[in-house]
Amino acid sequence: MSETMVALALALDRVMVSFAAACGLHPTDLRAVLHVATRDLAYSAGELGAALNLNSASVTALIDRLAGVGLVYRVADTEDRRRVRVELTEVGTDIADAFDRHLHIALRTPEPTTIVSGGPDIAPPISSELNCELDQLVARLRCMVRPVARRRLRART
């Protein structure tokens with residue numbers, strides 16, 4: 001049983017890594033987006049760090065990176081103004097939804113014995129339809145990031 005679970009975990013990791021790369025993200029960035037997407041209540045930075053097993057400096061850098069590309073935004077906590085919560089933007093939600101669809105395809109594609117034996121390539125290629133959708137999401141991200149980068153550049157000068 002544990003061999004099967006390990007094989008499935010490795011297969012899921014390969015799917016996540018290939019999907020993250022197709023989106024231009026680091027796998028940890030995708031994991032963070034997926035964690036935030038699965039919760040009704042927004043994560044605090046500390047909760048997200050605990051979920052991803054990251055220290056506070058790493059989770060701060062992660063949130064900065066995700067906010068910088070327009071996948072999440074920070075919201076002040078209503079009960080504790082020292083705490084900041086993280087919520088997905090529309091693009092972040094779209095990426096989480098696209099991953100969900102890709103994962104369903106990936107899990108249906110290989111033969112069950114291939115998954116269990118850890119076959120050569122469990123992560124199927126990303127379909128042309130999903131690839132087109134990802135290209136559109138990445139283009140939306142770039143459009144969102146450029147104005148933010150320009151504002152930051154102007155603020156520094």
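Biologist: Which residues is L52 in contact with, leaving aside its neighbours within four places in sequence?

Modeller: L52 is in contact with R31, A32, H35 and L62 once those neighbours are set aside. Contact here means heavy atoms within 4.5 Å. Keep in mind that this is a predicted model, where local features need pLDDT of at least 70, side-chain atom pairs count only at pLDDT 80 or more, and totals for chains, interfaces and linings use all residues. Residues are numbered from 1 along each chain as its sequence is written, and side-chain values use heavy atoms, with hydrogens and water left out.

Biologist: Good to know. Where is L52 found, and is L52 buried or exposed?

Modeller: L52 is found in helix α3. Its relative accessibility is 15%, so L52 counts as buried. The cut-offs are under 20% relative accessible area for buried, over 50% for exposed, and partly exposed in between, with a 1.4 Å probe and protein chains only.

Biologist: And how far apart are the C-alpha atoms of L52 and R31?

Modeller: They are separated by 7.7 Å, while L52 and R31 are 21 residues apart along the chain.

Biologist: Let's zoom out. How many helices and strands are there?

Modeller: The chain has 7 helices and 3 strands. Both are DSSP runs numbered from the N terminus: helices are H or I with at least four residues, strands are E with at least two. Along the sequence, the pattern reads α-α-β-α-α-β-β-α-α-α.

Biologist: Back to α3 then. At what angle do α3 and α4 pack?

Modeller: Helix α3 (residues 45-52) and helix α4 (residues 56-68) pack at about 105°, and their axes are 9 Å apart. Axes are lines fitted to C-alpha atoms, for helices over the stretch in contact, and angles run from 0 to 180 degrees between N-to-C directions. The two helices α3 and α4 are therefore roughly perpendicular to each other. In this scheme, under 35 degrees is roughly parallel, over 145 roughly antiparallel, 65 to 115 roughly perpendicular, and the rest oblique.

Biologist: Which residues meet there?

Modeller: From α3 you have A45, L48, G49 and L52, and they meet V59, L62 and I63 in α4. By class, that contact has 6 nonpolar residues, 1 polar and no charged. Ala, Val, Leu, Ile, Met, Phe, Trp, Tyr, Cys and Pro count as nonpolar, Asp, Glu, Lys and Arg as charged, and the others, Gly among them, as polar.

Biologist: What about α2 and α4, how do they pack?

Modeller: Their angle is about 85°, with the axes 11 Å apart. That makes α2 roughly perpendicular to α4. On the α2 side the contact is made by T28, D29, A32 and V33, and on the α4 side by L62, R65 and L66. This contact divides into 4 nonpolar, 1 polar and 2 charged residues.

Biologist: New topic: which residues in the largest nonpolar core touch the most other members?

Modeller: Those are L30, L48, I95 and F99, out of 29 residues in the core. Such a core is a set of buried Ala, Val, Leu, Ile, Met, Phe, Trp, Tyr and Cys residues joined through side-chain atoms within 4.5 Å. The elements giving two or more residues are α1 (2-23), α2 (27-37), α3, α4, β3 (84-88) and α5 (90-108). Of these, α5 gives the most, with 7 residues.

Biologist: What does L30 contact, its neighbours within four places aside?

Modeller: L30 is in contact with M16, F19, A20, I95 and F99.

Biologist: Last one: how much of the chain is buried?

Modeller: Buried residues make up 35% of the 157 residues. Among contacts between residues at least 6 apart in sequence, 57% join residues at least 24 apart.
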